[in-house]
Amino acid sequence: MFGLSELALVLLVIVVVLGIRKLPELTRSAGKAARIFKSEAKALREQDPPDGAPRS
């Protein structure tokens with residue numbers, strides 16, 4: 001997998017390619033996506049019956 005130096009290099013390239021002005025917009029949309037993913041995962045966990053329950 002990636003080490004810390006490789007991750008830093010990838011992030012540096014992303015900043016250079018996208019530009020500093022686009023970075024806040026990118027992080028904002030990543031935060032929204034993470035919140036949506038978290039809420040959908042929670043909804044799926046609540047929808048599934050416990051392990052011991054019979055399924056229809």
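The accessible areas I shall quote come from the Shrake-Rupley method with a 1.4 Å probe. Please keep in mind that this is a predicted model. For the protein chain, the accessible surface comes to about 5500 Å², and carbon and sulfur atoms account for 66% of that surface.

How much of the chain is buried? Of the 56 residues in the protein chain, buried residues make up 0%. The secondary structure consists of two helices and zero strands.

Let me turn to helix α1, which covers residues 4-18. This helix has 15 residues and reaches 21 Å from its first C-alpha to its last, close to the 21 Å expected at 1.5 Å a residue. After α1 comes G19, whose phi is positive, near 90°.

Which residues form the nonpolar surface patch? They are L4, L7, L9, V10, L11, L12, V13, I14, V16, V17, L18 and L26, and together they make a patch of about 1100 Å². Helix α1 supplies the largest share of this patch, namely 11 residues.

Consider V10 as one example from the patch. V10 lies in helix α1, and its relative accessible area is 39%.

Terms used
Residues numbered from 1 in each chain as written. Predicted model: local features only at pLDDT ≥ 70, side-chain atom pairs only at ≥ 80, totals over all residues. Heavy atoms only, no water. Patch = residues over 30% accessible without salt bridge, like charges linked within 9 Å, V, L, I, M, F, W, Y side chains within 5 Å. Salt bridge = Lys/Arg side-chain N within 4 Å of Asp/Glu carboxyl O. Helix = DSSP H or I, 4+ residues; strand = E, 2+ residues; numbered from the N terminus. Buried < 20%, exposed > 50% of the residue type's maximum accessible area, 1.4 Å probe, protein only. Expected span 1.5 Å × (residues − 1).
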